[in-house]
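Good morning, and thank you for making time for this presentation.

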Amino acid sequence: MNFGKQLKEGLITNNPVTVQLLGMCSTMAITTSITNGIGMGVSVMIILTLANIFIALLRKVIPDEVRIACFIVVIAGFVTMVDLSLQAFFPAIAKSLGVFIPLIVVNCIILGRAEAFASKNSVAASAVDGITQGLGYTAVLLVLCFVRELLGAGKLLGVQVMPSSYVPAGILVLPVGGFLCLGALIAAMQWALNKSKEKAAKAEGKEAAE
Amino acid sequence: MNGDYKALKLIASSNPHIRSNEDTRSLMLDVIIALCPAVAWSVYRFGFRALLAAAVSVASAVFWEWLYRKLLKKPQMFGDLSAAVTGLLLAMVCPVTLPYWMLVVGNFFAIVVVKQLYGGLGKNFMNPALAGRAALVACYASQMTTWIDPAAGWAPLSLKGVDVVTSATPLAMMKDNFAGLTEGYTVADMFLGNTGGSAGEVSALMLLIGGCYLIFRKVISWQIPVSYIGTVALLSLLFPNGNSAVSYMLYSIFGGGLMLGAFFMATDYVTSPVTKKGQLIFGVGCGLLTVFIRRFGSFPEGVCYSILLMNCTVWIIDRAVRPQRFGADKAKKEAAKK
């Protein structure tokens, strides 16, 4: 188990949203304000970590033929817990996230990590995977929330930060703005990743030549 | 005479051997020339600011194209004037009072998002200028629907534009107050362009002059504009929203952006069907959608969205009306299929 490597994978090289392209629906739908982004990101991180731990624990018991159904049952249990807790302790966030909290049940990130990681790795590694992948998801949400709330509403965390003469670009808080921002972010990320890959390849080539 | 052939130089080259001098640049230049009457009218009607807005829009469109291709290290293409035409058209479908920086934003969307991200000239599936306008409406709805009635404070040389006196455009009135419209503006007003509206769309006459020039120069073919305007005319004649069907029809075709859209936007080579038959279908589709949006939609004007929607269907139309290959027999072909 290597926490640093997993963290780097979760945040950058194997980011759930910008590299694995999972969980796009909720990403585009709720990133209209930073409060939403934090609420959604933390919820997903908690559910992902708990689900990963339990699926890793049960991975030898679950029969292969019905594993997806079993994963969903485990995930749905944690989603219900988080959903009810949000409604009890943070009613405002629960209200603004609306249906997207229950929909975490079918969020591909959680099922994807259960299938690709937790069902094959140890409990500790799966727990770390849940945290790092959750952080990667939250980071993407926050970047998108920052851009969309700042330019689309002129606010940050609900507080007016742009000068009053600024005319908000309403398109950014519409769904189409979500598509545009996410597309731009994925493009930028892929560009940066390719660039660093090229660099690594060049460095390797040099070393080989020497 | 006999020895002459020895001096003759033979040039071996592959076909085509006869080339026309037409290129993108000359075609785009023709479009710009054809737009001149309408631009001149908008300056006469809305003041000097209309010209400045057009200049800012053209400059920003060219700038975005240059910047994108510079950053991505692609060959520069702005010399073909297609970006300039996009900028000019975008300025013409926006209200004169729109802040300059919004035009810059709209051009960013038109050139970078709609045109360059899909691969540049010839690869975009939507008309960039109209997509830019649609983005601006989604972004800045109130600024994009603030229309002025220049008659209230007419000042052709004013740099600031006319003092903003907002007024309902003829199309908005057509929807809920057709009788009021006919009192306010005569058919001649509509035809000449003595109404409120976007900078370049008010004068049907000036746009017709430009459109006829384009058809005469064979830059565009008649199929799209005629079928488009014809469909709108026929539908509004058959289903008028007022007492007189003929006057309702005339207000329908002279009002709003129909002339501008039919001659300059729907005929965009890249985003319209290739064959004549396909172009007729395309025009009729635009006309139907325009009438539907105007009559039943929540917006008073439907030209922009109807052309954008039809842009998305061009590949289906092109596939449906694929011309018969020369020499291919239909019966034989079907037999071969079986």
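I begin with B:G122, which counts as exposed because it has 11 C-beta neighbours inside 10 Å. By the criterion used here, a residue is buried if 20 or more other C-beta atoms lie within 10 Å of its own, exposed if 12 or fewer, and partly exposed in between, with C-beta atoms placed from the backbone. This is a predicted model, in which local features need pLDDT of at least 70 and side-chain atom pairs count only at pLDDT 80 or more, while totals for chains, interfaces and linings use all residues. Residues are numbered from 1 along each chain as its sequence is written, and chains are lettered from A and ligands numbered from 1 in the order in which they are written.

B:G122 sits in the loop between α5 (100-116) and α6 (128-139) of chain B. Its C-alpha atom is separated by 18 Å from that of B:L72, 50 residues apart along the chain.

Chain B as a whole has 17 helices and 0 strands; these are DSSP runs, H or I of at least four residues for helices and E of at least two for strands, numbered from the N terminus. Of its 338 residues, 45% are buried.

Let me turn to helix α2 of chain B, residues 24-46. Its 23 residues should span 33 Å at 1.5 Å a residue, and the end C-alpha atoms are 31 Å apart, which agrees. The expected span is 1.5 Å times one less than the number of residues. Where does α2(B) bend? The bend, of about 40°, is at B:C36, and the proline B:P37 follows within four residues. That angle is taken between axes fitted to the seven residues ending there and the seven starting there.

The buried residues of α2(B) include B:L27, B:D30, B:W41 and B:R45. Among the elements that cover the buried residues of this helix are α3 (49-71) and α11 (204-216) of chain B. After α2(B) comes B:G47, with a positive phi near 100°.

Two residues other than glycine also deserve attention. B:K73, in the loop between α3 and α4 of chain B, has a positive phi of about 55°. B:K73 counts as exposed because it has 6 C-beta neighbours inside 10 Å. B:K218 has a positive phi near 60° and lies in the loop between α11 and α12 (223-238) of chain B. With 10 other C-beta atoms within 10 Å, B:K218 is exposed.

Definitions and conventions
Two residues are in contact if their C-beta atoms, placed from the backbone, lie within 7 Å.
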